[in-house]
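Take a look at the fold below. We will go through its overall build, its core, its cavity and its salt bridges.

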Amino acid sequence: MKFNQEKFLQDAFRLFMCMNYEKASFTKLAQVTGMTGAGMSYYYPNKEAIFKAVVDKFVLQTHSPENKFNVTAITLKDFIVQYVEGIEQTMKKLRVFCDDNLTLQECSRNNYHFLIQASRYYPGFDAKINEMFEKEYDLWRQIITNAKDTGEIYSGVDVEKTASIFRQIYWGLAFEMSFTVGLDTQKLLENLQYTYSLLVR
């Protein structure tokens with residue numbers, strides 16, 4: 001049977017989302033992906049290689065700004081809407097890979113757990129995810145700078161601090177709500193739009 005890499009990585013991701021890296025054995029991976037150990041070894045020499053491939057696909061690629069956000073906005077006001085839309089689409093995409101019996105809250109919490117696992121077991125992950133974060137900060141910086149230059153917001157706005165505030169509203173709310181009901185993107189949008197209202201003339 002032809003190897004379906006897409007399905008294989010999805011199944012492996014589902015397992016790593018729900019189970020600690022240490023407990024997700026090669027045998028368990030074979031079981032959930034429907035492959036034999038020898039079959040997996042042909043494509044991935046060990047569990048670490050599978051884990052890295054999963055992280056590459058479902059974190060570093062899925063969450064990269066160029067894949068996550070369809071930025072056509074010229075104004076900061078419009079960018080905020082597109083930013084939240086990108087987050088919503090990514091959440092829907094990743095929600096598919098959670099077990100059906102898990103709530104949005106549990107999926108959100110598992111996602112943070114998965115990121116922590118990646119930071120521990122993926123060599124060089126911290127540098128890669130920081131590079132990804134920096135690209136997203138650059139998006140905010142560019143949009144905010146343009147908003148200053150065009151007079152959309154106050155000329156005295158500190159671009160760096162404002163970019164940090166917008167980004168941290170998202171990360172703070174997403175982390176906090178992972179312990180309750182999962183990220184409410186409407187609430188996120190409202191918080192970002194309120195912050196924007198404090199910057200306009």
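**A walk through the helices**

At 2% relative accessibility, glycine 182 counts as buried. Buried here means under 20% relative accessible area, exposed means over 50%, and partly exposed lies in between (1.4 Å probe, protein chains only). This is a predicted model, in which local features need pLDDT of at least 70, side-chain atom pairs count only at pLDDT 80 or more, and totals for chains, interfaces and linings use all residues. Residues are numbered from 1 along each chain as its sequence is written, and side-chain values use heavy atoms, with hydrogens and water left out.

Stay with glycine 182 for a moment. Its place is in the loop between H9 and H10. Helices (H or I, at least four residues) and strands (E, at least two) are DSSP runs, numbered from the N terminus. Setting aside neighbours within four places in sequence, glycine 182 is in contact with Leu104, Gln105, Ser108 and Met177. Contact means heavy atoms within 4.5 Å. Leucine 115 is 67 residues from glycine 182 in sequence, and their C-alpha atoms are 16 Å apart.

Now step back to the whole chain. The protein chain has 10 helices and 0 strands. From the N terminus on, its elements run α-α-α-α-α-α-α-α-α-α. The C-alpha trace spans about 65 × 30 × 30 Å along its principal axes. Of the 201 residues, 47% count as buried. Take the contacts between residues at least 6 apart in sequence: 68% of these join residues at least 24 apart.

What sits inside? In soluble globular proteins, nonpolar side chains tend to be buried together. A nonpolar core is a set of buried Ala, Val, Leu, Ile, Met, Phe, Trp, Tyr and Cys residues joined through side-chain atoms within 4.5 Å. The largest such core holds 67 residues, and Phe16 and Leu76 touch the most other members. Several helices each supply at least two residues of this core, including H1 (5-18), H4 (47-61), H6 (76-95) and H8 (125-149). H8 gives the most, with 9 residues. Phenylalanine 16 shows how the packing is made. Leaving out neighbours within four places in sequence, it is in contact with Tyr21, Ala24, Leu29, Lys47, Ile50, Phe51, Val54 and Phe114.

Next, the empty space. Rolling a probe the size of a water molecule over the atoms shows where empty space is left. On a 1 Å grid over the protein atoms alone, a cavity is a set of points where a 1.4 Å probe fits but cannot get out, and lining residues have an atom within 4 Å of a point. Grid points are joined across faces, edges and corners, and a volume is the space filled by probe spheres set on the points. The count comes to 1 cavity of 30 Å³ or more. About 430 Å³ of space lies in the largest cavity.

Which residues lie nearest the centre of the largest cavity? They are His63, Met91, Leu94, Asn111 and Tyr170, out of 25 lining residues. H6, H7, H8 and H9 are the elements that give two or more residues to this lining. H7 gives the most, with 6 residues. The lining divides into 17 nonpolar, 4 polar and 4 charged residues. Here Ala, Val, Leu, Ile, Met, Phe, Trp, Tyr, Cys and Pro count as nonpolar, Asp, Glu, Lys and Arg as charged, and the others, Gly among them, as polar.

Threonine 90 lies in helix H6. It is buried, with a relative accessible area of 5%. Not counting residues up to four places away in sequence, threonine 90 touches Thr62, His63 and Lys68.

Finally, the charges. A salt bridge is a side-chain nitrogen of Lys or Arg within 4 Å of a carboxyl oxygen of Asp or Glu. The count comes to 9 salt bridges. Aspartate 11 pairs with arginine 14 in one of them, with the closest N and O atoms 3.2 Å apart. Both lie in helix H1, 3 residues apart, about one turn of the helix. Aspartate 11 is buried at 10% relative accessibility, whereas arginine 14 is partly exposed at 24%.

Arginine 141 forms a salt bridge with glutamate 134, at 2.8 Å between the closest N and O atoms. Arginine 141 also bridges to glutamate 160, at 2.9 Å. Arginine 141 lies in H8 and glutamate 160 in H9, so this pair ties together parts that are 19 residues apart in sequence. Salt bridges that share partners join Glu134, Asp138, Arg141 and Glu160 into one network.

Notes
1 Å grid on protein atoms, 1.4 Å probe; cavity = no way out; pocket = protein on both sides within 12 Å on 5 of 7 lines; lining within 4 Å.
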